[in-house]
Amino acid sequence: MSAPFGEFWYGTPALWTLLRPDGTWSDLPYHEGAYTQKVFWWSQGYDWKSQLTLTGRRIDGPAPPMRASTATNAFAADIGSSILVRVDLPTACCWEITGHLKGVTLSFVVWVAP
């Protein structure tokens, strides 16, 4: 499975996410006190009954907690069913984000640029 230009798949067939090679999220919309990003996830054999949840924490200092939307279903012809989650990050800084799905966890670190 190939990733869109300028991104790569990170994880295993049990749980993958789509990331940028430079590890940054920049030029994000800022509203209601948070930077907002949509995060794309995929799991082999995923069905909409399996609920993906996300947690996140700032790792370079104190911050209010990250908020995450309820996972929504998506579909692409090349990969089938997939998952989208919106995250709201209250500060620009370094965040560790972890996805949890069917007993599998996947974490990554991202720099949120102001």
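Accessible areas were computed by the Shrake-Rupley method with a 1.4 Å probe, and for residues only the protein chains shown count as cover. The structure is a predicted model, in which local features need pLDDT of at least 70 and side-chain atom pairs count only at pLDDT 80 or more, while totals for chains, interfaces and linings use all residues. Residues are numbered from 1 along each chain as its sequence is written, and side-chain values use heavy atoms, with hydrogens and water left out.

The accessible surface of the protein chain is about 6400 Å², and carbon and sulfur atoms account for 56% of it. Of the 114 residues, 39% are buried (under 20% relative accessible area, 1.4 Å probe, protein chains only). The C-alpha atoms occupy a box of roughly 35 × 30 × 20 Å along the principal axes.

The protein chain contains 11 strands and 0 helices (DSSP runs, E of at least two residues for strands, H or I of at least four for helices, numbered from the N terminus). The radius of gyration is 14 Å, close to the 13 Å given by the globule rule for 114 residues, so the chain is as compact as a globular protein of that length (taken over C-alpha atoms; the rule is 2.2 Å times the number of residues to the power 0.38).

Four strands form an open sheet with mixed pairing, in the order β3-β11-β10-β6; strands pair if DSSP finds at least two bridges between them. Its edge strands, β3 (24-25) and β6 (53-58), each pair on one side only. β6 pairs with β10 (residues 94-101) in the antiparallel sense over 6 bridges, and Thr53 has His100 of β10 as its bridge partner.

Methods. Buried means under 20% relative accessible area, exposed over 50%, partly exposed in between (1.4 Å probe, protein chains only).
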